[in-house]
Protein chains: 4
Amino acid sequence: MQDFQAILAAIHAELDSVIDRGKVATYIPELATVDARNFGVYLNCVDGPNFHVGQSDLPFSIQSVSKVLTLSRAIGLVGDAIWERVDVEPSGNPFNHLSLLELENGIPRNPLINAGALVIADILVSELKNPKDDLLQYIRDLTDDQNIHFNEKVAQSEKKTGFKNYAAANLLKSFGNLKNDVGVVLDFYFHQCSIEMNCAQLSNAFYYLANRGTCKRGNSFLTESHIKRVNALMLSCGFYDEAGEFAFKVGLPGKSGVGGGIVALLPNNFVVVTWSPGLNEKGNSLLGMEFLERFTTQTKLSIF
Amino acid sequence: MQDFQAILAAIHAELDSVIDRGKVATYIPELATVDARNFGVYLNCVDGPNFHVGQSDLPFSIQSVSKVLTLSRAIGLVGDAIWERVDVEPSGNPFNHLSLLELENGIPRNPLINAGALVIADILVSELKNPKDDLLQYIRDLTDDQNIHFNEKVAQSEKKTGFKNYAAANLLKSFGNLKNDVGVVLDFYFHQCSIEMNCAQLSNAFYYLANRGTCKRGNSFLTESHIKRVNALMLSCGFYDEAGEFAFKVGLPGKSGVGGGIVALLPNNFVVVTWSPGLNEKGNSLLGMEFLERFTTQTKLSIF
Amino acid sequence: MQDFQAILAAIHAELDSVIDRGKVATYIPELATVDARNFGVYLNCVDGPNFHVGQSDLPFSIQSVSKVLTLSRAIGLVGDAIWERVDVEPSGNPFNHLSLLELENGIPRNPLINAGALVIADILVSELKNPKDDLLQYIRDLTDDQNIHFNEKVAQSEKKTGFKNYAAANLLKSFGNLKNDVGVVLDFYFHQCSIEMNCAQLSNAFYYLANRGTCKRGNSFLTESHIKRVNALMLSCGFYDEAGEFAFKVGLPGKSGVGGGIVALLPNNFVVVTWSPGLNEKGNSLLGMEFLERFTTQTKLSIF
Amino acid sequence: MQDFQAILAAIHAELDSVIDRGKVATYIPELATVDARNFGVYLNCVDGPNFHVGQSDLPFSIQSVSKVLTLSRAIGLVGDAIWERVDVEPSGNPFNHLSLLELENGIPRNPLINAGALVIADILVSELKNPKDDLLQYIRDLTDDQNIHFNEKVAQSEKKTGFKNYAAANLLKSFGNLKNDVGVVLDFYFHQCSIEMNCAQLSNAFYYLANRGTCKRGNSFLTESHIKRVNALMLSCGFYDEAGEFAFKVGLPGKSGVGGGIVALLPNNFVVVTWSPGLNEKGNSLLGMEFLERFTTQTKLSIF
């Protein structure tokens, strides 16, 4: 057994002295106010002890990390019918996301890019009575923690400025791949992105994906086969245009968000969450990417 | 001098017996109600007599033909400052219009594609006190005819279903190339498209472009140099993905609309307007395109 | 009647003092040796006197200007069958020429981009017994001048370095839109581009396009309808990604080459040829573009 | 311990009765002669017994599967310098492979698409004295089997018809990302693709990737870190436009070839090779894909 606490602390110390932490996201004005010096890590071992270092107990905006949780919820509700409306291929395309959607007749490449997550949001809005309340409760149940909330200010901030998301939703609508009103779907989507958790909570929320489907509370929401598929999607598509790079250097399924959080996991072994708000030029947490690369290299723990 | 009335009548008769008139546009539900058998032509000669055949006195929705008139209005207001926000190149791209906009950082290819016309609409909304009223008056003045109106039903119909235009406007907004509220700009845009005129009126509205800038009423709104540029843009960009085909077969600057109208003109000579609601697969009036090809071939009147 | 000699001389003098003449093309090593200070103009009036200024009697590499002449030759041989293998639309695409070819299954956008000119070259190689000799004789006959030659050094230079043309030819071949051997077609193509003429000769070569099909020698090679179409193609597609800009500012059908030559013409009126080897960033002669804009603005002679 | 022999036999029997086996590749004429009824599987367990079923001892053309082996060879020779010339991201793009190369200035998306493999071939041609002999010996050593050969007929067949590869190589050359002569690089590339092995041999050749770098002979050619990266690349990029689908359904790193072979592996556990020449519409072996999906679903053996 490796000394995880020492490893976490050592890598954290090395990186914490780095001056260039990338840039905090400013396109959502409310996110720009976060202190860039925060840097937390939480390692949540399946059937084992947990380890943490830095600001792992401060809540942050999970943003796109939420897409994995809404995907899980949608699979639980409608199963593989999802795949008639969204594909499972990496988008591989930094420069023209809407173009791909146009070329492929409104079928998003995968559920972890924005267009795909909007289709998932549309499914949840269709299927659930009180979509926002239900999603929050689902995540609280997964995490076994009732102290998880939307940040209404962040949701409203994105509602005012998220023009690319409005563009994507309207394009989906024009292809008939959005059943509900654009405004309703986006309201749900901006709320899911605004959810706040700390590193510890987030590691608990993703615990089921490392634990063959059984969540912190002991329930199972998805079959083992579905768990495998969600993990595969994170590996192929979880890091925007840097998915290949993350697979290549880190070698774990994972998902990042512009709030600076990254979740990664080794099936049957652990979930690890990092949080540092500064982003690299591809929009992923700079210190988080670096932390995870060093962590899997030193521990030799990866799926490959 | 050629016998234009005989030529118009002969070509009209040949084509009127054609059974396949293409498909009336249905994406704006209100447009789908038009009788596909209408087929009018109006030839408006500079300093000369006029000729007409068929339903040249029935009003129809001018739709994209309006883009030339709003462009003229905007040039009159802000001059060449327009070209900082929209380019003058053909789009040449049937399959991914929004993608081009993305790749080119929100600068539309030209003012006659939808994205470009939205930028022009945004300029007019910024510059004019009562944008819709002002535009209508401008067109009435150009035409010297007060009996020109918006069709509110058509405007509302497109407001409910024009998702691709909402997508384009939001994408422009995300690149900072739309100054006003998306909803306000689109309301103006849907109204400009809903304007109704008959072939005779429309030929009068475009008379200034064949008459070195002097409109029906005798006023000049644009310099000769600007007139030349608007005509050049119609030639390069007036027929969506069939601009080259129209230049090649017809050889006149022109503009089509999904209402089935086409305006074309020979500088210093004439304006000709055709109207037949059935469209070919590129979205241009099937009989109109054919009429104009035969007309310029028989009369040998073209810019080339 | 305007004083053309004075107008030519005045604009030439204004521009000749300009220091930034753009960059001489270097991608064909042999072209890089040309003296950038050359700047000739030749105005060839239909039924009228000719005018010239600067180095209008020095031969230069006509390069892509040759595409109009091979297109005419091919139309003369196989007529409208050409259009089954090449389209007539502007490419409108600075950044991914081969991609368009891929997306559109090996049908080039038009005969004036490289891929389209390769298809035309392939037709000539199929139809002619001695393709290179025949083409040279055809151009000598059009021009009524036997003193026109290939520059073998330039042809060989491009044969060694024209990798993008090899890529395009092989891509065409993979789609079955090249009937002959890639090497044979490219040998013909590199030779057609290497033809040298001076401004006066080149204006004579294009005289038939301003003179309803009748060339300098008095023969007619093409119908009036075909002449109209070739002129339309030059207007839509003659200036790479600056075709719209040229139509907009100059308002004449024309064609440029990376050797720094530009031919433009007003049907029934004149052919004008400019030569200045420095290119703008789109690959068109910087002084030539500027000269023609000023010339058509001052004389008010344009098709629009 | 699961009864692998029974599992292999059962799935093989189920699938062998399937009538639609897809289409044997015909674009390389020599490949079209293979009997579509062949269907072999070989399971090679790390430190354990092996299992096989069907025609696992008949040699077939490994084609693109060879790209993993040349990549390994190149990493062994020049290490991470490779990544200056080729990226590690999925291409995600079925429709315009050359376009991506154009847009990204001649840097192929990854070493497992053709353009990337050509860059790897170029590196080997630069680094090795007798590139073809050396590669063959390298693969024989990895496999611990001297009875592995090029199929000269297949290599020559592709040399005559592989126009898309000529196009890609010339495009790379135009961007300066091919150092050697196009013909020399393609000759090497067509030979590497023509290598023939049976399922058993191929599983031995890939054994080092499941065995932390130690090959059948006991040597190590690559570090553990490099092994992890090659496996990650196979997962992200090994199945053309179906990489996401393979990760999603099968959940193993793998690589397919148009000869109908697929190699997949679970680190520290096994290499499995399937061979059935009929391809699905994405160009991957139809029965092979299906076999592996059923195998990993039944055995619950995957990296996720």
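**Exercise 1. Determine in which hand α2(C) passes α11(C), and which residues make the contact.**

Solution. α2(C) passes α11(C) in a right-handed crossing, a crossing being right-handed if the near helix is turned clockwise from the far one by less than a right angle, and left-handed if anticlockwise. Helices here are DSSP runs of H or I with at least four residues, numbered from the N terminus. The model is a predicted one, in which local features need pLDDT of at least 70 and side-chain atom pairs count only at pLDDT 80 or more, while totals for chains, interfaces and linings use all residues. Residues are numbered from 1 along each chain as its sequence is written, and chains are lettered from A, and ligands numbered from 1, in the order in which they are written.

Next comes the geometry: α2 (residues 66-78) and α11 (residues 224-237) of chain C pack at an angle of about 150°, their axes 11 Å apart, where axes are lines fitted to C-alpha atoms over the stretch in contact and angles run from 0 to 180 degrees between N-to-C directions. α2(C) and α11(C) are therefore roughly antiparallel to each other, the term for angles over 145 degrees.

From α2(C), the contact draws on C:Val68, C:Leu71, C:Ser72 and C:Ile75, and from α11(C) on C:His226, C:Val230 and C:Met234; residues are in contact if their C-beta atoms, placed from the backbone, lie within 7 Å. By class, this contact has five nonpolar, two polar and no charged residues.

**Exercise 2. Describe how α6(B) and α8(B) pack, and name the residues that meet.**

Solution. Helix α6 (residues 152-161) of chain B packs with helix α8 (residues 182-194) of chain B at an angle of about 135°, with axes 8 Å apart. That makes α6(B) oblique to α8(B), and the crossing is right-handed. B:Val154, B:Ala155, B:Glu158 and B:Lys159 of α6(B) meet B:Phe190, B:His191, B:Cys193 and B:Ser194 of α8(B), a set that divides into four nonpolar, two polar and two charged residues.

Methods: Helices (H or I, at least four residues) and strands (E, at least two) are DSSP runs, numbered from the N terminus. Angles under 35 degrees count as roughly parallel, over 145 as roughly antiparallel, 65 to 115 as roughly perpendicular and the rest as oblique. Two residues are in contact if their C-beta atoms, placed from the backbone, lie within 7 Å. Ala, Val, Leu, Ile, Met, Phe, Trp, Tyr, Cys and Pro count as nonpolar, Asp, Glu, Lys and Arg as charged, and the others, Gly among them, as polar.
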